[in-house]
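Trainee: I am new to this structure. Could you take me on a close look at a single part of it?

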Amino acid sequence: MKTTAFSLLLLAVLGSSTPADAARYLIDFGRDDVNTAGGSQGAITPSPDVNGHYWNNFNKEDFNANTGSLDVPDTAAISGLVDDANVASGIGIQLLDSTGNNEWEANGAVNGGLLGPDSGLLGDLAIETATRDYFFTTQASASFVVNGLNPLSTYDLEFFATRDTGSTRETQYRATDANGSVLSAILQTSGSGAGSAAHPNGNDDDTVAIMGLVPDGSNSITVDMLTVSGGFSYVGILQITENPVPEPATGLLLTLGGVVFAAMRRRV
Ligand SMILES: [Ca+2]
Ligand SMILES: [Ca+2]
Ligand SMILES: [Ca+2]
Ligand SMILES: [Ca+2]
């Protein structure tokens, strides 16, 4: 899996202090119109997948069953996400109707979603039912909230999106966390250079990540999806990694202090 150099640097820094058992949540944004005559846009990602991982599906059809309509209600939400090992959580995702415009729509493979994803390029996110469909906006921005988070943890958000088409399109993902840090990353979904030789006009080889986010006072992180160029922005897969809080350093110091103190006393 390719990520930005910035993300890799952060990953290297964070990796030194992050326990190996960080929980990961996989969310497939898209559609469930697999039985539609004339070609279907999207499909549910079944769990477990071929890698043994469990997914959460955020499908347009769960909120708008008309397969001829792309509209996702702008207040749609999912809750009770499971992690990739099928452990339940209180985490949810709430779309926001921030402007009163039609912010959220959904589509898929007939309109540039990725079929036949390559695990050599996308790692274990290369699951066709997840890469083939997506949520998108034609607005300047569309936002959602990740809620039910642990205020003591930090979170990394990694995004995959694609739309195979000739025009250059870029999506920026941005979040402001409880410390006031504004973190963002831009992904080219479409146009020349978006993908590998197999899909030169559609991203099939990149994800972007924003890392180390601290939930706000409502145990939430708000993500803004910004249309940087080309008139559309997209989200096809969101991966949320919850980094457990490292053991308090003070506890370790106190323990060491106690050991040193005891040893010194025995010498007296
Ligand atoms: Ca909508
Ligand atoms: Ca899907
Ligand atoms: Ca998807
Ligand atoms: Ca790419």
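**A close look around Leu 157**

Mentor: Gladly! Leu 157 is in contact (C-beta atoms, placed from the backbone, within 7 Å) with Ala 175, Ala 209, Ile 210, Leu 213, Val 223, Leu 238 and Ile 240, leaving aside its neighbours within four places in sequence. A word on the source: this is a predicted model, in which local features need pLDDT of at least 70 and side-chain atom pairs count only at pLDDT 80 or more, while totals for chains, interfaces and linings use all residues. Residues are numbered from 1 along each chain as its sequence is written, and chains are lettered from A and ligands numbered from 1 in the order in which they are written.

Leu 157 also belongs to the largest nonpolar core, which has 50 residues. Such a core is a set of buried Ala, Val, Leu, Ile, Met, Phe, Trp, Tyr and Cys residues joined through C-beta atoms within 7 Å. A residue is buried if 20 or more other C-beta atoms lie within 10 Å of its own, exposed if 12 or fewer, and partly exposed in between, with C-beta atoms placed from the backbone. Leu 157, Phe 159 and Val 235 touch the most other members of this core. In soluble globular proteins, nonpolar side chains tend to be buried together.

Now for the strands. Strands are DSSP runs of E, at least two residues long, numbered from the N terminus, and two of them pair if DSSP finds at least two bridges between them. Strand S8 covers residues 154–160 and pairs with S11 in the antiparallel sense over four bridges; here Glu 158 stands opposite Ala 209 of S11. S8 and S14 are antiparallel too, paired over seven bridges, and Leu 157 faces Ile 240 of S14 as its opposite residue.

Step back, and these strands fall into an open sheet of five, in the order S2-S1-S14-S8-S11, with mixed pairing. S2 and S11 are the edge strands, each pairing on one side only. From one strand to the next, the twist averages 15 degrees, where axes are lines fitted to C-alpha atoms and angles run from 0 to 180 degrees between N-to-C directions.

Finally, look at strand S14, residues 237–243: five of its seven residues are buried, so the strand is largely enclosed by the rest of the structure. S14 is joined to S1 by six bridges, and the two run antiparallel. Gln 239 in S14 is the bridge partner of Leu 26.

Technical notes:
Two residues are in contact if their C-beta atoms, placed from the backbone, lie within 7 Å.
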